[in-house]
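Let's take a walk through this structure together, one piece at a time. Have a look at the chain first, and then read on.

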Amino acid sequence: MTENRQIEIQALTRRKVRALILPLVFFVFGAFALIFFGVWQSSHLQDEKTINDSQHLVHSLLEEERSFLQTLTVDYAFWDASAVSLVGTVDESWAEENVGFYFHDTYSLSGTYVLSEQDETLYAYEGGKRTDFDLLKVWPDLYGMIAKLRRT
């Protein structure tokens, strides 16, 4: 009888184990799927963040380069316009807008002067207005500095 009892207990145990194996397998697969989904979702979010950071970095670099090129272009355009408007004959209206008032207002300069190749004052702007001030007659010591600037 004990053998029959042992066989019954073993059969009962096998049935209980078989009944538990299927939910255990589902649990293991479910846990694996959940972990896989979490890792996949995390990597996907990290990829999106990296892409956004890269786009922001490239945009910042391009914006900085655009700003530099814009400044350079405006600078060259100003110097080209200066050569056209101030060398030879002075365009009084251009000088007034871009040399006199502009430098006085933008850079708070007390005076701006345009000299010819013969060191004659072609244009003078002092104290917020156009004047007939002759720079080198008042300050003849500037001849040496002007000659040095021309050499450089």
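Predicted model: local features only at pLDDT ≥ 70, side-chain atom pairs only at ≥ 80, totals over all residues.

Reading from the N terminus, the order goes α-α-β-β-β-α-α.

Along its principal axes, the C-alpha trace of the protein chain spans about 135 × 30 × 25 Å. How far apart in space are alanine 11 and phenylalanine 101? They sit 90 residues apart in sequence, and their C-alpha atoms are 106 Å apart. Alanine 11 belongs to helix 1, and its relative accessibility is 29%, so alanine 11 counts as partly exposed. Across the protein chain, buried residues make up 15% of the 152 residues. As for contacts in the protein chain with a separation of 6 or more, 29% of them involve residues 24 or more positions apart.

Now for the inside. In soluble globular proteins, nonpolar side chains tend to be buried together. Which residues make up the largest nonpolar core here? There are 10 in all: Phe78, Leu86, Val90, Trp94, Ala95, Val99, Phe103, Val114, Tyr123 and Tyr125. Helix 1, helix 2 and strand 2 (121–126) are the elements that give two or more residues to this core. Helix 2 gives the most, with four residues.

Setting aside its neighbours within four places in sequence, valine 114 is in contact with Leu86, Val99, Glu120, Thr121, Leu122 and Tyr123. Then there's threonine 112, which lies in strand 1. With a relative accessible area of 7%, under the 20% cut-off, threonine 112 is buried. Again leaving out neighbours within four places in sequence, threonine 112 is in contact with Val99, Gly100, Phe103, Tyr123, Ala124 and Tyr125.

What about empty space? Rolling a probe the size of a water molecule over the atoms shows where empty space is left. The largest pocket has a volume of about 490 Å³. Its lining is made up of 18 residues, and Leu86, Val87, Tyr113, Val114 and Leu115 lie nearest the centre. Which elements each supply at least two residues of the lining? They are helix 1 (2–86), helix 2 (92–107) and strand 1 (111–115). Helix 1 provides the largest share of the lining, five residues. Sorted by class, the lining has 11 nonpolar, five polar and two charged residues.

Serine 108 sits in the loop between helix 2 and strand 1. Serine 108 has a positive phi of about 55°, although it is not a glycine. Is serine 108 buried or exposed? Its relative accessibility is 62%, so serine 108 counts as exposed. Aspartate 119 is found in the loop between strand 1 and strand 2. Aspartate 119 has a positive phi of about 65°, and it is not a glycine either. But aspartate 119 has a relative accessible area of 18%, so aspartate 119 is buried.

Terms used
Residues numbered from 1 in each chain as written. Heavy atoms only, no water. 1 Å grid on protein atoms, 1.4 Å probe; cavity = no way out; pocket = protein on both sides within 12 Å on 5 of 7 lines; lining within 4 Å. Points joined across faces, edges and corners; volume = space filled by probe spheres on them. Nonpolar A, V, L, I, M, F, W, Y, C, P; charged D, E, K, R; others polar. Buried < 20%, exposed > 50% of the residue type's maximum accessible area, 1.4 Å probe, protein only. Core = buried A, V, L, I, M, F, W, Y, C linked by side-chain atoms within 4.5 Å. Contact = heavy atoms within 4.5 Å.
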